[in-house]
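This briefing sets out selected features of the structure shown below.

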Amino acid sequence: MTEKNHLAPVWSQLTGLKVASGSGAIVTTVDGEEYLDFTSGIAVTSTGHSHPKVVEAIQRQAARFIHAQVNIYIHDLLEPLAAKLNEITPPSIDTFFFSNSGAEATEGSVKLAKAASKKPHIIVFQGSFHGRTAQTMAMTMAKTGYKAGYAPFPAGIYTSDFPDPFVTGLDEDATTKLALKSFDQVLATQTAPTETAAVVIELVQGEGGYRAASKAFVEGLYERCKDKGILFVADEVQSGFGRTGKLFAVEHYGIEPDIMVMAKGIASGFPFSAIGSSYELMEKWPVGSHGGTYGGNPIGAAAALATIDILTGEGFIENVAARGDQLRSGLEELAKAYPAIGDVRGLGMMIGCAIVDPGTGEPDAARVNAMLTHTRENGKVILLNAGTYNNIIRWMPPLIVTESQIAQGLAAFEAALKATEK
Ligand SMILES: Cc1ncc(COP(=O)(O)O)c(C=O)c1O
């Protein structure tokens with residue numbers, strides 16, 4: 001926080017802006033200034049701030065029931081929401097457990113995988129981010145800063161390479177082969193398939209830098225998991241609910257995960273998350289061995305149902321893909337003129353732009369910071385960074401963003417590139 005007050009200073013703070021309201025892609029400060037919010041509250045408000053349909057659903061439900069605890073009652077939105085999620089997730093997923101945050105659901109998915117397989121270990125990937133609880137912090141490999149000072153961590157977590165050509169310095173094919181070799185090696189040297197409950201993977205890494213895994217890697221990993229009886233857990237917390245131009249990132253890869261973890265975009269900002277799997281798997285989770293006071297909250301369920309209704313409305317996802325194409329081609333054009341743009345990566349409206357020193361190709365986090373300040377102060381556009389070296393500018397506009405708002409974002413970005421040229 002920027003000034004001393006009664007708020008814990010542990011929160012990092014990007015803008016210092018004091019906001020009073022939000023509508024669509026715009027947030028308004030207490031002083032009446034308007035900004036284009038291209039962070040979507042870290043990929044959450046995909047339907048825009050306070051979408052009228054979501055607001056109406058929340059208001060209606062608040063008057064009916066605020067808290068109908070799931071161990072005590074079965075409220076009347078639980079099954080409709082599970083049925084709706086069944087419709088929009090891959091055929092392998094038909095049964096759902098609800099909780100409150102991404103970390104809670106990711107941690108829950110590991111409990112489910114361990115309980116169902118009766119195996120103790122999991123494999124995660126370099127560059128991963130799975131949350132801030134002890135278990136999910138231990139599963140996070142994107143940055144030491146997320147973990148420093150909190151050891152010891154829960155055990156039984158092994159790390160395999162994520163296919164990242166920026167790390168290997170090789171082309172996509174060679175990088176894919178290396179990452180699959182790394183996985184084979186982890187299984188041969190550290191945790192045998194008989195001891196490995198699951199792999200947990202973000203198919204498009206979020207905090208790690210908006211890097212999409214290659215299709216060949218995901219196919220190879222999936223095949224190995226099927227062969228060796230290892231559960232495939234897709235962490236779709238950041239990539240889910242339309243963010244990548246499809247409802248879920250798994251659809252880009254043509255795979256059906258055993259377990260899917262969902263949060264963020266699921267309820268337009270109301271804290272809500274879900275774990276999905278087959279009924280056969282869920283049935284192996286001993287009754288009472290997992291739960292939570294607030295999971296499946298009726299207001300959250302109402303917000304999620306309204307959100308899904310909007311996302312599956314006619315033309316919605318097509319607009320995400322079209323705006324994503326506009327954004328990506330705009331950034332690729334800029335990359336031709338500005339050698340500081342080292343890479344444009346990601347899928348749909350989950351796009352990362354690596355900023356590097358044009359001379360050395362090394363990450364340039366200082367310039368990213370200067371650029372984020374410039375786009376905010378001069379262009380009234382709020383962008384956020386990501387990546388192990390803090391040099392990825394990530395684009396995650398609300399999915400209802402318009403063509404002219406994307407153009408405004410790109411113009412602010414180009415102005416920031418110009419202003420920070422060395
Ligand atoms: C892929 C992924 N998994 C899990 C989490 C943790 O979610 P939450 O912050 O809601 O606990 C995040 C948050 O950024 C995420 O991006």
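**Ligand shell, sheet and domains**

The shell around the ligand is made up of five nonpolar, seven polar and three charged residues. The model is a predicted one, and the chain is divided into domain 1 (19–50 + 315–419) and domain 2 (65–311).

**Ligand surroundings**

- Among the 15 residues around the ligand, those that come nearest are Gly 102, Ala 103, Gly 206, Val 237 and Gln 238.
- Helix 4 (residues 102–117) contributes three residues, the largest share of this shell.

- Four strands form an open sheet in the order 1-2-3-13, and their pairing is mixed.
- Strand 1 (19–23) and strand 13 (381–382) are at the edges; each has a single partner strand, so one side of each lacks a neighbour in the sheet.
- Four bridges join strand 1 to strand 2 (residues 26–29) in the antiparallel sense.
- Ser 21 has Thr 28, in strand 2, as its bridge partner.

**Contact between the domains**

- The centres of domain 1 and domain 2, taken over C-alpha atoms, are separated by 26 Å.
- Domain 1 provides 28 residues to the contact and domain 2 provides 30 residues.
- On the side of domain 1 that touches domain 2, at least two residues each come from helix 1 (40–43), helix 12 (316–337), strand 11 (341–347), strand 12 (350–355) and strand 15 (392–395).
- Helix 12 gives the most to that side of domain 1, with five residues.
- The residues on the side of domain 1 that touches domain 2 comprise 15 nonpolar, ten polar and three charged.

Terms used
Residues numbered from 1 in each chain as written. Predicted model: local features only at pLDDT ≥ 70, side-chain atom pairs only at ≥ 80, totals over all residues. Near = placed C-beta within 6 Å. Nonpolar A, V, L, I, M, F, W, Y, C, P; charged D, E, K, R; others polar. Pairing = 2+ DSSP bridges. Domains from an automatic or database assignment. Contact = placed C-beta atoms within 7 Å.
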